[in-house]
Amino acid sequence: MKIAVEGCAHGELERIYDTLALLEQKENVKIDLLLCCGDFQAVRNQDDLNCLAVPQKYREMGTFHKYYSGEKEAPILTIFIGGNHEASNYLQEMPYGGWAAPNIYYLGYAGCVNVAGIRIAGLSGIYKGRDFMKGHYEKPPYSEDTKRSVYHIRNLDVFRLKQLQQPIDIFLSHDWPRGVYHFGDVDKLLRAKPFFKEEVLTNSLGSAPSQELLSVLKPKFWFAAHLHVKFPAIVTHTVTDEEGDKQVGVTKFLALDKCLPRRHFLQVVDIPHNSEQPIKLSYDPEWLAILLLTNHLLSVKATTQYMPGPGGTDRYIFNPTAEEIDAAKARFEDDLLIPLNFEQTVPPHDPTGHPASRPPRYSIGPNVNPQTTTFCESLGIDDPMVLIGGVRGVGSPFIAKPRGDDEEETGEETDDGPSSLWSISTSGTPSRSSLVLPSPKLTEDEQEQEMEKPKEPSKETFEPPRITEDEEDSSAQNMNESSIPSVKRFKRRNYNLYQCGSEDD
Ligand code: MN
Ligand code: ZN
């Protein structure tokens, strides 16, 4: 099965699908699945855009809303994880995954699904030590702090993933596992990104929890994004088998760039699948059992929470037994096909911006998504959004109350200002003051931050990648993947690094 892998999407969903359509036409192939490694920007409307932690000048509506509203249909089954530029208020509605739009599936804080016999797991967000031990306490409307902490990964989600025992085919993360660069052409990486040198030398670039996951799970493939550079590596693991013999296992790692013209943002890999099964998403029974067995560890508090370990009387290993897996499956009556139950929970962006077409005011607080409710009720686990006081969104019968008539008149005054009906300000302070542009320095944990844009994006044409062997990249060949050669280097005049002052300091 042909799987397209995308680095950061940064809201450019339409371009990605257009590029894939060109590729399919040119190469006469069919792409069965698209995987996106975060910075997806599932922005439904202006309120979502306000939740995005991104400098004002890069705050763009993007094209996801077209797929959310139904104006366009995602042509390829798409799975994505979250990064550090997300409509986190929307992703928080689906902590265990769900359809962000028809045919576009978010994997959750952590998740594992099956597609025609291919097992795909992933972890959303980026690692930041300060928030790692906390519960999922953030909720919209966010402060300037929680707008950023909300996408930092938590120990519970890593702990859950570490319980997976059955083999993983593909793992998705946004930031790279720490140390992975030592398994590839690190000199070439540093030529492209010289400012990573010190962190590479001190082995401090990337996520330590993901490094641990990589060594525990040993997936066949690991795809990542965030640093906005293509980087393949072959990671070797030493595995001791039952007879005590040492074997070498291998993970093919690939990081990709973001979606810009003539950049390595897409890669097609061919992975054998079970052709007897439809190319549809199914829940993973082992993962369901882990969610069920660890539900008591879920916290929505900002306080430190340790994961259980040896020494106490409580269970601390949650590798599910066959019986526990069967029990989890039984809760879904053994039908693990993920239901196609997408529904809108807030009104989509209206490109016309006509006041008359604006919907009544709705809650910008934590929304409870009916998909999550269905999932949690079936499995018998808690929805963190409910624990934190979420309310049903507008897609459900429990609609947030419309505005009073007296307030409605103000809706015509502005289009985008914080007082408009559409953009109810999420916090008192605008984010502009916290940005330093451009900065020669990168914050310690946010190395990806070079947000360059094509000078005239409308005139840029996206060359479809060709399915050919990539000669300069031998490990890519070994991956049995079709590579996308870059014809020309994108000129880097606009090489602005930015630093989000309050981002993570
Ligand atoms: Mn990123
Ligand atoms: Zn990115």
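Modeller: Start with a pair of strands: E2 and strand E3 (residues 77-80) run parallel and share four bridges. Two strands pair if DSSP finds at least two bridges between them.

A word on the source. This is a predicted model, in which local features need pLDDT of at least 70 and side-chain atom pairs count only at pLDDT 80 or more, while totals for chains, interfaces and linings use all residues. Residues are numbered from 1 along each chain as its sequence is written, chains are lettered from A and ligands numbered from 1 in the order in which they are written, and side-chain values use heavy atoms, with hydrogens and water left out.

Now look at Leu35. Its bridge partner in E3 is Ile79. Leu35 in E2 also stands opposite Val5. Strand E1 (residues 2-6) pairs with E2 in the parallel sense, over four bridges. Between E1 and E2 the chain passes through helix H1 (residues 13-27), and this β-α-β crossover is right-handed. Right-handed means that, with the strands pointing away from the viewer, the path from the first strand over the helix to the second runs clockwise.

Turn to the faces of E2. In a regular strand the side chains alternate between the two faces of the sheet. Strand E2 (residues 33-36) is covered on both faces. Leu33 and Leu35 are buried on one side, Leu34 and Cys36 on the other. Buried means under 20% relative accessible area, exposed over 50%, and partly exposed in between (1.4 Å probe, protein chains only).

Go back to the loop between H1 and E2, where Asn28 lies. Phi of Asn28 is near 55°, a positive value in a residue other than glycine. Asn28 counts as exposed because its relative accessibility is 70%.

Next, the wider surroundings. In soluble globular proteins, nonpolar side chains tend to be buried together. The largest nonpolar core has 80 residues. Such a core is a set of buried Ala, Val, Leu, Ile, Met, Phe, Trp, Tyr and Cys residues joined through side-chain atoms within 4.5 Å. Ile3, Ile120, Ile170, Trp176, Phe223, Phe253 and Phe375 have the most contacts inside this core. Helix H11 (residues 285-293) gives the largest share, five residues. A second, separate core has 37 residues, including Leu20 and Met61.

Stay with H11 for a moment. Ile290 is found in this helix. Ile290 counts as buried because its relative accessibility is 0%. Its C-alpha atom is separated by 6.4 Å from that of Pro320, 30 residues apart along the chain.

The structure holds five cavities of 30 Å³ or more. A cavity is a set of points, on a 1 Å grid over the protein atoms alone, where a 1.4 Å probe fits but cannot get out; lining residues have an atom within 4 Å of a point. Grid points are joined across faces, edges and corners, and a volume is the space filled by probe spheres set on the points. The largest cavity has about 150 Å³ of space. Its lining has 18 residues, and Tyr106, Tyr109, Ser124, Val150 and Tyr151 are the closest to its centre.

Notes: On a 1 Å grid over the protein atoms alone, a cavity is a set of points where a 1.4 Å probe fits but cannot get out, and a pocket is an open set with protein on both sides within 12 Å along at least five of seven lines; lining residues have an atom within 4 Å of a point. Helices (H or I, at least four residues) and strands (E, at least two) are DSSP runs, numbered from the N terminus.
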